[in-house]
Amino acid sequence: MISRVHRAVGRDAERRRIKQVIDGAQHGTAGVLVVQGEAGIGKTTLLNDAAVAAADFALLRVQGAEFEAGMPYSVLHQLCSPRLALLPTLPDPRRRALEVAFGLRAGPAPDRFLLGLGLADLLSAVAPTLCLVDDAQWIDLESSEALAVAARHLSTEAVAVLVAVRAESPNCVPFRGLPVLRLGKLSNADSWLVLSASLPAPLDIQVRDQILAESDGNPLALTELSQVAGPTGMAGGFGLPATVSAPERVEHLYRDRLATLPESSRTIVLIAAADPTGDPALQWRAAAAIGLDWSANLPAVDSGLIDIGTRVRFRHPLVRSAVYQSAEPAERRLAHAALAQATDESAEPDRFVWHRARSVVPPDEVVSADLERAAERARARGGAAAAAAFLERAVAMTADCRRRYELALQATTARHAAGDLSGALALLASAELNATNDTERAWTAMKRAEVGFDHRHDIEHARMLWAAAEELGRHDAKAASAAYLQALVALCLSEGLDGYQLGCEVAQAVHSGQNTRGGRLGIADSVLQALTTAMKSGRAQAVPVARTAVAMIRDSDDQGGYNLVWAWIVCCLSWDDDSWLTIVDRHVAALRAAGRLAEMNDALNYRAMAHLHTGELDQAQTLLDEAEALRAVTGAADRHYVELALAAWRGDLKVVDRLCNEHLKVAADHREARAVASATYASVMGYNSTGRYDLALEAAEVYLGHDMLCFHVYIPQELLEAAAHTGRLDLANRLLGQIAEHAVAAGTSWSLGIERRCRALITNASGAEELFVESAKYLTASRAPLQLARTELLFGEWLRRRQRRSEARPHLRDAFTVFSEAGAEQFAVRAARELRASGEVPRRAASGIGNLTAQELAIARSVAAGATSKEVAAELVLSPRTVDAHLRHIFGKLGVTSRRQIRGAMAHLTGSGDN
């Protein structure tokens, strides 16, 4: 037996890092650490060390299982099981979410955020607690999300969370951004220490050198190989090519060890490998069902393959994989049949049907139907990935070509929704193979175009989408509106300038077709009608039907019946920011609950855009960070449009310049209209924020002459402000005509506030004042505080230039406060400059620690202690950009201008030099 100390050779720095997390939890500061490395590199060893180091902690430990990765909430349930008795003590919404997830009560799919908060409550219910999660690459996505939310919302609780993960996977996306401890290979010197400590006899130098080379610094390979082979068999028996990775060699080792066991023991071990729950009682019943005595497991325990306690545990995850993969198909079917017989179908129908489906040879229509029902249950509980797995197996279990087509198409949709674009395309091939008529072939072509467009937003895929929509429209009239709308949006809003022109051309034909079809309009019909009306007759004429579409979306209980792009279009056409914020909030929550990762990237960006509208720039950054992590795994396309707008609002002009250059290069390469529009918006607003209006107009030259539907409520007002301040009244009046016709037709507080401000900028002195006052009045009633602050700034400037300084000050003061608190730095600087010119020294919010939020206080203390933004981000589980954004707020609240001044300010305000 290898001692814990010997097996941790070469990991002193890593153990110290983990001990810091545990010590912090001991003193009431929660900590989380993701331990990452290849199989066998020592992650589990470090978790074992942590359990020893935290001997006084309450321990919650769980291990992911490859075969349970698609079962929603399975690991969450295992983790919470020891504390289920505490559920009644939780706040009601969080308790309900957990109870629904665990099947303790009926209800809609639980909110993932509430699940995470409920888990955080359970983790912190007993202090101190150490939570160890091993093999996180195999944890179901729903449990991963809950665990990640909990980790991010633990702050002053006595909880330490350590997550060990072998490799990146879609289920590990939620852990992105958490502090990471990466385990590398051991050095030759440390490898020799591990090997020599595990050997029962001296080792020949040649053998030693070959073993060290073949192990490639993997400690598990070193210890296990030396134990099994002995000094004489190492070189000859395991002289594998150096190109073979250590994990593969370790798997071969376990297969060899398994082969030495009696047949009954191998069967018991295979049952354990096929059961992801590790439930000894279940496995005992399964063994009994096929006539095996449970004592047959003893040789496997003695050999070190498994360990039996409250759970049946494999000594290493590779053992489970090796056992299962090395078994013959008939042996696997026998193990799953035994587990199906031992599983209570009424209590766990999904696990029962999964084992049963793996125990029979296709085809089996009854099992296929059961799997389809299991997929429906998985979808209802928020498991898109699980639904895809059930449906994929259901395809394999049916010989009916019609059902194979339908199930494969459903599985494709589920894979697509879960963010697995390559998996969706693979399943689509099965659907195409089994399509029997033109309608079915049209549907598969449409789905292939949808997946392709999500992967790569370019004009070629947008046109493929339109061609597929036209073909589908010829065969399925009911689906035509949604297909046409999806394709038209891609052409008009997402891609090249030619796409917009093509969209204008086809809009008339679609509009005519709608008028002749008649009947009650659905959401897709209404949105399509609004879009085509705007393109054919103008935006003002589209307002009434856009309002109808907004109302239908806002009142809909089916978030699958529309997407946020449609909602954004009609809310912009009707200038309805109140409905937009309601819709986007609800939709993001629904996507999280359903695990529809493919749509989450766009949804998070739209929600971040909504935060920009409401002046919550830090919240926007948090969502953009999450979207970035999703893109890395799903492969979804994105051009960072919202990131560019956020940089412009924050006044990060260097970032704006860099991203604009990237966007314009994309536009040059792909004729992408949205890249031009987003670059124009950010550049013009960035220059406007500093008062450099000549440069703003210069930056807009590439946009002028193009009418990009998706930016009509953003860009023209920026251009008008620049034109008005540079004497380009011809351009300003032309822009006002475009803005006023649409804004007045919409008649909302947002639209009228913008219209009055734009009109004030080019109106003579006698009328401008009243227009500024009306603009402020309307925008006060809207959801756009930064736009209100811009009106106050422009009005204050207007008054000061007319020597009405005392009247200007309240407007400039209000603008300065709003911009400062939001982190819109360049606008704040401009407002401060004007305020000084009016005779008042600008003051930020009253200084004092009491004005800091809990998170700001934690950041201030860390910075006062000398921590960098990156170190603070790692400590508090934030992104460095979010830390920097918080620092800007902290500067204002403490009345300082640099990081170096924070320590003195903190000491002064607390009356102590010890922070």
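Visitor: What counts as a contact here?
Guide: The model is a predicted one. In it, a contact means heavy atoms within 4.5 Å.

Visitor: Which residues of H27 meet H26?
Guide: On the H26 side, the residues taking part are Ile 523, Ser 526, Val 527, Gln 529, Ala 530, Thr 533, Ala 534 and Ser 537. An α-helix has 3.6 residues a turn, so residues three or four places apart point the same way. On the H27 side, the residues are Arg 539, Gln 541, Ala 542, Val 545, Ala 546, Thr 548, Ala 549, Met 552 and Ile 553.

Visitor: Are H26 and H27 roughly parallel or roughly antiparallel?
Guide: H26 covers residues 523-537 and H27 covers residues 539-555. Their axes come within 8 Å and cross at roughly 165°, and the crossing is left-handed. Angles over 145 degrees count as roughly antiparallel. H26 and H27 are therefore roughly antiparallel.

Visitor: How are H12 and H16 oriented to each other?
Guide: Helix H12 (residues 263-274) and helix H16 (residues 329-342) have axes 9 Å apart, at an angle of about 70°. H12 passes H16 in a right-handed crossing. The range for roughly perpendicular is 65 to 115 degrees, and H12 and H16 are therefore roughly perpendicular.

Visitor: Which residues of H12 make the contact with H16?
Guide: H16 contributes Glu 331, Arg 332, Ala 335, His 336, Ala 338 and Leu 339. From H12 come Leu 270, Ile 271 and Ala 274.

Visitor: How many of the twelve residues of H12 are buried?
Guide: Buried means under 20% relative accessible area. The buried residues of H12 are Ser 265, Thr 267, Ile 268, Val 269, Leu 270, Ile 271, Ala 272, Ala 273 and Ala 274. H12 is largely enclosed by the rest of the structure, because the buried residues number nine of the twelve.

Visitor: What span should H41 have, and what separates its end C-alpha atoms?
Guide: H41 runs over residues 805-822, which is 18 residues. At 1.5 Å a residue it should span 26 Å. The end C-alpha atoms agree with that, being 25 Å apart.

Visitor: Which residue follows H41, and what is its phi?
Guide: Within H41, the buried residues are Ala 808, Leu 812, Ala 815, Phe 816, Phe 819, Ser 820 and Ala 822. After the helix comes Gly 823, with a positive phi, near 90°.

Visitor: How does Glu 376 count by relative accessibility?
Guide: Glu 376 is in helix H18 (residues 365-380). Its C-alpha atom is separated by 9.2 Å from that of Phe 390, 14 residues apart along the chain. Buried residues are under 20% and exposed ones over 50%. At 45%, Glu 376 therefore counts as partly exposed.

Visitor: What share of the residues of the protein chain count as buried?
Guide: The protein chain has 46 helices and seven strands. It exposes about 36200 Å², of which carbon and sulfur atoms supply 52%. Of its 915 residues, the share that count as buried is 57%.

Definitions and conventions
Residues are numbered from 1 along each chain as its sequence is written. This is a predicted model: local features need pLDDT of at least 70, side-chain atom pairs count only at pLDDT 80 or more; totals for chains, interfaces and linings use all residues. Side-chain values use heavy atoms; hydrogens and water are left out. Helices (H or I, at least four residues) and strands (E, at least two) are DSSP runs, numbered from the N terminus. Buried means under 20% relative accessible area, exposed over 50%, partly exposed in between (1.4 Å probe, protein chains only). Accessible areas come from the Shrake-Rupley method with a 1.4 Å probe; for residues, only the protein chains shown count as cover. The expected span of a helix is 1.5 Å times one less than its number of residues. Axes are lines fitted to C-alpha atoms, for helices over the stretch in contact, and angles run from 0 to 180 degrees between N-to-C directions. Angles under 35 degrees count as roughly parallel, over 145 as roughly antiparallel, 65 to 115 as roughly perpendicular and the rest as oblique. A crossing is left-handed if the near helix is turned anticlockwise from the far one by less than a right angle, and right-handed if clockwise.
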